[in-house]
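Visitor: I am new to this structure and would like to learn how to read it. Could you walk me through it, one feature at a time?

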Amino acid sequence: MLLTDHWDTMHEWGFVSNRLFDALACDTAVVSEDFPEITDLFEGAVLTYRKPAELGPLVAAALADPAAARARAARGRALIVAQHTFDHRAAQLIDALRRHRLT
């Protein structure tokens, strides 16, 4: 299981930590502080907490149910493979360059 957080500037600009993508690609269960984009991107594959007091019980519950943690990790990996690989990002970059007539 991976525990990750975000810098204040990442929150301000809406940048999700690349560690979430990396961990899910490796079929790893992830817990992160709440971040609106996480819900949109990972469709429940990442457990989130809003207050520090929620973290301990959340991790304990995840560790108590390894089958559910593995299922979330597998869902996350499938989502990464389907939508968030390097090839997906490269295609988006090329598309943006073409739309702006930079190629």
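Predicted model: local features only at pLDDT ≥ 70, side-chain atom pairs only at ≥ 80, totals over all residues.

Visitor: Where does H2 lie, and how does it run relative to E1?

Guide: Helix H2 covers residues 18–25 and lies across E1, E2 and E3. Its direction is at about 170° to that of E1.

Visitor: Which residues of H2 are buried?

Guide: They are Leu-20, Phe-21, Ala-23 and Leu-24.

Visitor: Can we step back to the whole chain? How many helices and strands are there?

Guide: The chain has 6 helices and 3 strands. Reading from the N terminus, the elements come in the order β-α-α-β-α-β-α-α-α. The C-alpha trace spans about 50 × 30 × 15 Å along its principal axes. Of the 103 residues, 30% are buried.

Visitor: Now the strands. In what order do they stand in the sheet?

Guide: The general idea is that strands of a sheet pair through backbone hydrogen bonds, either parallel or antiparallel. Here the 3 strands form an open sheet in the order E1-E2-E3, with parallel pairing. E1 and E3 are the edge strands, each pairing on one side only. From one strand to the next, the twist averages 25°.

Visitor: How many bridges join E1 to E2, and how many join E2 to E3?

Guide: E1, residues 2–4, is joined to E2 by 3 bridges. E2 and E3, the latter being residues 46–49, pair over 4 bridges.

Visitor: Are the residues on the two faces of E2 buried or exposed?

Guide: Both faces of E2, residues 30–33, are covered. Val-30 and Ser-32 are buried on one side, and Val-31 and Glu-33 are buried on the other.

Visitor: What unit do E2, H3 and E3 make?

Guide: They make a right-handed β-α-β unit, with H3 spanning residues 36–42.

Visitor: Next, charged side chains. How many salt bridges are found in the whole structure?

Guide: In general, side chains of opposite charge can pair when their charged atoms come close. A search of the whole structure finds 2 salt bridges. One of them joins Arg-50 and Asp-34, with the closest N and O atoms 3.1 Å apart. This pair links distant parts of the chain: Arg-50 is in the loop between E3 and H4, and Asp-34, 16 residues apart from it, is in the loop between E2 and H3. Arg-50 is exposed, with a relative accessible area of 68%, whereas Asp-34 is partly exposed at 24%.

Visitor: Which side chains meet in a salt bridge at 2.5 Å, N to O?

Guide: Those of Arg-99 and Asp-95. The two residues are 4 apart in helix H6, which means they are separated by about one helical turn. Arg-99 is exposed, with a relative accessible area of 56%, and Asp-95 counts as partly exposed at 38%.

Visitor: How far apart are the end C-alpha atoms of H6, and what span should its 14 residues have?

Guide: At 1.5 Å a residue, H6 (residues 86–99) should span 20 Å. Its end C-alpha atoms are 20 Å apart, so the two values agree.

Visitor: One last residue. Where is Ser-17, and is this residue buried or exposed?

Guide: Ser-17 is in the loop between H1 and H2. Its relative accessibility is 5%, so Ser-17 counts as buried. Leaving aside residues up to four places away in sequence, Ser-17 touches Thr-4, Asp-5, His-6 and Met-10.

Conventions. Residues numbered from 1 in each chain as written. Heavy atoms only, no water. Buried < 20%, exposed > 50% of the residue type's maximum accessible area, 1.4 Å probe, protein only. Pairing = 2+ DSSP bridges. Right-handed = clockwise from strand over helix to strand, strands pointing away. Expected span 1.5 Å × (residues − 1). Axes fitted to C-alpha atoms, helices over the stretch in contact; angles between N-to-C directions. Contact = heavy atoms within 4.5 Å. Salt bridge = Lys/Arg side-chain N within 4 Å of Asp/Glu carboxyl O.
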